[in-house]
Amino acid sequence: MAKIRGAITVNIARCKGCNLCVVACPTNTLSLQPSEVNDRGYHFAYMAHPENCIGCSSCALVCPDACIEVYRKRID
């Protein structure tokens, strides 16, 4: 049986750093960028621990600006 790993993409320009996705993530995959900001001056979300992502979509469901897309990748 193939293993599945999750992955996300964050629209950095639209992310306002509300931290809802970080709190909603059950595997502590996400974090807010500590040193970089986007064009609007917000610290944006990113995958701090991509190996933990299970592709559950919790982060995308709670994002108020629909900045997150979730993918599932098959690992052979």
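In the predicted model, the mean positions of the 8 positive and 6 negative charges of the chain lie 8 Å apart, where Lys and Arg count as positive and Asp and Glu as negative, with His and the chain ends not counted, and where the place of a charge is NZ of Lys, CZ of Arg, CG of Asp or CD of Glu. Residues are numbered from 1 along each chain as its sequence is written. Because the model is predicted, local features need pLDDT of at least 70 and side-chain atom pairs count only at pLDDT 80 or more, whereas totals for chains, interfaces and linings use all residues, and side-chain values use heavy atoms, without hydrogens and water.

The chain contains 2 helices and 4 strands, arranged along the sequence in the pattern β-α-β-β-α-β; helices (H or I, at least four residues) and strands (E, at least two) are DSSP runs numbered from the N terminus. Along its principal axes, the C-alpha trace spans about 45 × 20 × 20 Å. Of the 76 residues in the chain, 28% are buried, that is, under 20% relative accessible area, with exposed meaning over 50% and partly exposed in between (1.4 Å probe, protein chains only).

Ala 13 is located in the loop between strand E1 (3-10) and helix H1 (20-24), and counts as partly exposed because its relative accessibility is 47%. When residues up to four places away in sequence are not counted, Ala 13 touches Asn 38 and Arg 40, a contact being heavy atoms within 4.5 Å. The C-alpha atoms of Ala 13 and Ile 54, which are 41 residues apart along the chain, are separated by 25 Å.
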